[in-house]
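Student: I have a model open and would like to learn how to read it. Can we go through it one feature at a time?

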Amino acid sequence: METFAGQVALITGGGRGIGAETARLLAQHGATVALIARTQAQLEATARQIHESGGKAHWFVADVSDEGALREAVQGALSITGSIDILVNNAGFIQSVGAIESSDPSEWLRTFEGNLKGLYLTTRLVLPSMLEQGRGQILNVLSIAGARAFEGLSAYSCAKAAGLMFTRILAKEVRRRGVRVMAILPGAVDTAIWGDGAGVPDRSRMMRPESVARVIAQMLAAPPDTAIDELTVLPTDGIL
Ligand SMILES: NC(=O)c1ccc[n+]([C@@H]2O[C@H](COP(=O)([O-])OP(=O)(O)OC[C@H]3O[C@@H](n4cnc5c(N)ncnc54)[C@H](OP(=O)(O)O)[C@@H]3O)[C@@H](O)[C@H]2O)c1
């Protein structure tokens, strides 16, 4: 089924985890994918797998918090593909900052900004071309941590909660101009984001990244007169 044939999807954090699985799935269903992340080797590996399966993938090394590098990446993608029909704002990282009372201000602010800035900058850079063509989809990968309180995760959670309000406001601003804006709020997914240190929750109870990618693809494939605007997706076992 070539659901995304002729469409171009830009995926931040496309080198591994949920972003890479989403790229593979969208490419398998006909999309040309453009991947952005900081680690070239992972981008190359994901793109190579897509090529070997008969799909089309391009990659660009950029930190989504670095406006100059990100602009070059987005312009690079646009110059190769001609348009961006789908933007999946997925890049992010989990960082516990401990209790608020004892948290380190620079670590707190770095974690907050690092999980929010790229969402804003990437959207701002891609949106003009979508508005010009009068169509597009923006799907923001947020987290259940943006809607429910988890001790120690204040900086990450506040960034994801801000991302949710950003999604709602953006949807209001552009929905009548052909751009559909959505957010997915996953519970725990078994990816490298959890690291391998002590205290990592039981991975066997987490969702697989390829399962979350399937849900993302379903949101993107929803009939054009509908919008699955905010979707919480949890492991069958609960959040974890
Ligand atoms: N895994 C979970 O349990 C879970 C649950 C809810 C929500 N999420 C969200 O899902 C998204 C993807 O997470 P994941 O679990 O797939 O994590 P992951 O396996 O660690 O992948 C994260 C991806 O984002 C990229 N990235 C991170 N910071 C970046 C930056 N500043 N600039 C460019 N790329 C950056 C990483 O590549 P580089 O490091 O090479 O840049 C990597 O490709 C995140 O937004 C996360 O908050 C995850």
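Student: Which residues come nearest to the ligand?

Tutor: Keep in mind that this is a predicted model. Of the 30 residues around the ligand, the nearest are Gly-13, Gly-17, Arg-38, Thr-39 and Gly-92.

Student: Which elements each supply at least two residues of the shell around the ligand?

Tutor: Helix 1, residues 17-28, is one of them, and strand 2 (32-37) and helix 4 (105-133) are the others. Helix 1 gives the most, with three residues.

Student: How do the residues of that shell divide into nonpolar, polar and charged?

Tutor: There are 13 nonpolar and 14 polar residues, and three are charged.

Student: Now the helices. What describes two packed helices?

Tutor: Two things do: the angle between their axes and the distance between those axes. Take helix 4 and helix 5, the latter spanning residues 154-174: the angle is about 20° and the axes lie 8 Å apart.

Student: How are helix 4 and helix 5 placed, roughly parallel or roughly antiparallel?

Tutor: Angles under 35 degrees count as roughly parallel, so helix 4 and helix 5 are roughly parallel to each other. Their crossing is right-handed.

Student: Which residues of helix 4 and helix 5 meet?

Tutor: From helix 4 they include Trp-108, Phe-112, Leu-116 and Tyr-120, and from helix 5 they include Tyr-156, Ala-159, Phe-166 and Leu-170. By class, the whole contact has 14 nonpolar residues, four polar and one charged.

Student: At what angle do helix 1 and helix 2 pack?

Tutor: Helix 1 and helix 2 (residues 40-52) pack at about 20°, and their axes are 10 Å apart. The angle therefore makes helix 1 roughly parallel to helix 2. This crossing is right-handed. Helix 1 makes the contact through Ala-20, Ala-23, Arg-24 and Ala-27, while helix 2 uses Thr-46, Gln-49 and Ile-50. Four of these residues are nonpolar, two are polar and one is charged.

Student: How many helices and strands does the protein have?

Tutor: Six helices and seven strands. Along the sequence they follow the pattern β-α-β-α-β-α-β-α-β-α-β-α-β.

Student: What radius of gyration would a compact globule with 240 residues have?

Tutor: It would be near 18 Å, and the protein has 17 Å, which agrees.

Note on methods: Residues are numbered from 1 along each chain as its sequence is written. This is a predicted model: local features need pLDDT of at least 70, side-chain atom pairs count only at pLDDT 80 or more; totals for chains, interfaces and linings use all residues. A residue is near a molecule or strand if its C-beta atom, placed from the backbone, lies within 6 Å of it. Helices (H or I, at least four residues) and strands (E, at least two) are DSSP runs, numbered from the N terminus. Ala, Val, Leu, Ile, Met, Phe, Trp, Tyr, Cys and Pro count as nonpolar, Asp, Glu, Lys and Arg as charged, and the others, Gly among them, as polar. Axes are lines fitted to C-alpha atoms, for helices over the stretch in contact, and angles run from 0 to 180 degrees between N-to-C directions. Angles under 35 degrees count as roughly parallel, over 145 as roughly antiparallel, 65 to 115 as roughly perpendicular and the rest as oblique. A crossing is left-handed if the near helix is turned anticlockwise from the far one by less than a right angle, and right-handed if clockwise. Two residues are in contact if their C-beta atoms, placed from the backbone, lie within 7 Å. The radius of gyration is taken over C-alpha atoms; the globule rule is 2.2 Å times the number of residues to the power 0.38.
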